Amino acid sequence: DQLPLQEIHDFMIEIAHKAGEMITAAHPSTGAAGNKKNSVDLVTETDRAVEKLVSTSLREKYPDFDFMGEETYKPGDTITDAPTFICDPIDGTTNFVHRYPYVCISLGLAVNRVPTIGVVFNPFTKQLYTAIKGQGAFLDQKTRLPLSTPTAFEDGLSSCLVAVEWGADRSGNDFAVKSKTFENLAKTKEQGGGMVHGLRSFGSAALNICGVASGGLDVYWEAGCWAWDVCAAWVILYEAGGIMADANPGNWKPTVDGRRYMAVRAGEGQEKVVEQFWSLVEGKFE
Ligand code: IPD
C-alpha cells in the first residue's frame, strides 16, 4: 500500500507547531533541569510533556504506525520495517534550559528503516525545515534547500565550516576520539591538520544537519547521538543534495540508528571531503 506521505507530512507540521507553542511558553531554568545519564545529560518537564503531546496525537491519527521518542525510549527498543515516527521533542535541551534559542522539535518518519519524511522546527526563530523523500527539501515550505547554488569543494576539507558536538559523554574512548580529532581538524596544514575555517558546537544535531542541508555549514560530524536526533534532518539533507556517511572511517552507508554520522552539504567533491575528514579521525568510535 502507498502511504499518503503528503497528508502525513502536513499533519506532522501541524503537530510541530503545537509542540513549538509548548516549548516557547515554558520557563525552563538550569536549576530545574533533571539529568539522565550524568550531570550534563539534561531533561526537563517540557521534553516529557511535548513528547506526550506528539505521541498521543500521532497514535490517534495513525494507530498502525510505531513511535519512538527520546523520552520514552528503553534500551533494546529497535526500529522495525513498519512506518515509525521518530521524535526528539526538544533537540538542544541544554540550549533550551539556558535560553539560547538554537532549539527544535525533530519529527521524522522512517519506512523500512529509511528516513522518509522530516520536519524540524525551531519555535524561537520560527524556521521550519521539511522534506518528503523524492520531493525536495524546503525552508518554511516555500524556499528550496540548499539556499544557494552549491559551490564545488575546491579546497576539499580546508576552508570548510564544520559543526561538531561534544555530546553528553565526557570520558572514555569516544571522548578521546572526539578531542583528538577536533585538534586534528583545527591544526594548520603545516602541523599536519585539516585547517578547517572553523569548528562550531551549537548544541542541536537536527539543526546542525539542517544547516548543512541549507549550505551554510559544510560538514557535521558526531558520534553518540540517536535516531531521533537525525532521522528528520536526514531526509532534509538528502533532498538538498547532501550525503550522510559514518563518523568512523570507511562506511559510506550509515544506518539511522547507527549513532555515528557525518553529513556533507551538496557540491562537487563531497566524497573527497568525507575521505579527508576520515583521514583526520584519530582512533575509532565504539
Ligand atoms: C543532543 C543534541 C546535541 C548532541 C547530543 C544530542 P538533546 O540532543 O542534539 O547537539 O551533541 O548528542 O543528544 O539531548 O538536546 O535532545
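The following legends describe close-up views of a predicted model.

**View 1**
The domain assignment divides the protein chain into domain 1, covering 5-144, and domain 2, covering 161-280. Taken over C-alpha atoms, the centres of domain 1 and domain 2 are separated by 21 Å. Contact between the domains involves 36 residues of domain 1 and 26 residues of domain 2. On the side of domain 1 that touches domain 2, at least two residues each come from β3 (66-69), β4, α3 (93-98), β5 (104-111), β6 (114-122), β7 (127-132) and β8 (137-139). Strand β6 gives the most to this side, with seven residues. Sorted by class, the side of domain 1 that touches domain 2 holds 18 nonpolar, eleven polar and seven charged residues.

**View 1. The open sheet of seven strands.**
Seven strands form an open sheet in the order β3-β4-β5-β6-β7-β8-β9, with mixed pairing. The edges are taken by β3 and β9 (143-144); each has a single partner strand, so one side of each has no neighbour in the sheet. Within the sheet, β6 and β7 are paired in the antiparallel sense over six bridges. In this region N122 stands opposite Q127 of β7. In general, the strands of a sheet pair through backbone hydrogen bonds, in either a parallel or an antiparallel manner.

**View 2. Helices α5 and α6 across the strands.**
Helix α5 (residues 205-214) lies across β4, β5, β6, β7 and β8 and runs at about 100° to β6. Helix α6 (residues 227-239) lies across β3, β4, β5, β6, β7 and β8, also running at about 100° to β6. Helix α5 is mostly covered, with ten of its ten residues buried. Among these buried residues are A205, L207, I209, C210 and V212, together with N208 and S214. Just after α5, G215 adopts a positive phi of about 105°.

**View 3. The annotated positions D88 and D91.**
An unreviewed UniProt entry lists D88 and D91 under "binding site". D88 is placed in strand β4 (residues 84-91), and D91 is found in strand β4 as well. Is D88 buried or exposed? D88 is buried, because 32 other C-beta atoms lie within 10 Å. D91 is likewise buried, because 30 other C-beta atoms lie within 10 Å. Not counting residues up to four places away in sequence, D88 touches E70, S106, A206, W228 and D229. With residues up to four places away again left out, D91 touches C104, S106, S204, A205, A206 and D229. A206, which is touched by D88 and by D91, is one of the buried residues of α5.

Strand β10 (residues 161-164) and strand β12 (residues 219-223) run parallel and are joined by three bridges. A163 stands opposite Y220 in β12.

**View 4. The surroundings of D174.**
D174 has its place in helix α4. D174 counts as buried because 20 C-beta neighbours lie inside 10 Å, where a count of 20 or more is required. Which residues are in contact with D174, leaving aside its neighbours within four places in sequence? They are D169, A223, G224, F285 and E286. The C-alpha atoms of D174 and G283 are separated by 8.6 Å, although these residues are 109 residues apart along the chain.

Note on methods
Residues are numbered from 1 along each chain as its sequence is written. This is a predicted model: local features need pLDDT of at least 70, side-chain atom pairs count only at pLDDT 80 or more; totals for chains, interfaces and linings use all residues. UniProt positions are given in the numbering used here, feature names are shortened, and annotations may be inferred rather than shown by experiment. Helices (H or I, at least four residues) and strands (E, at least two) are DSSP runs, numbered from the N terminus. A residue is buried if 20 or more other C-beta atoms lie within 10 Å of its own, exposed if 12 or fewer, and partly exposed in between; C-beta atoms are placed from the backbone. Two residues are in contact if their C-beta atoms, placed from the backbone, lie within 7 Å. Two strands pair if DSSP finds at least two bridges between them. Domain bounds come from an automatic or database domain assignment. Ala, Val, Leu, Ile, Met, Phe, Trp, Tyr, Cys and Pro count as nonpolar, Asp, Glu, Lys and Arg as charged, and the others, Gly among them, as polar. Axes are lines fitted to C-alpha atoms, for helices over the stretch in contact, and angles run from 0 to 180 degrees between N-to-C directions.
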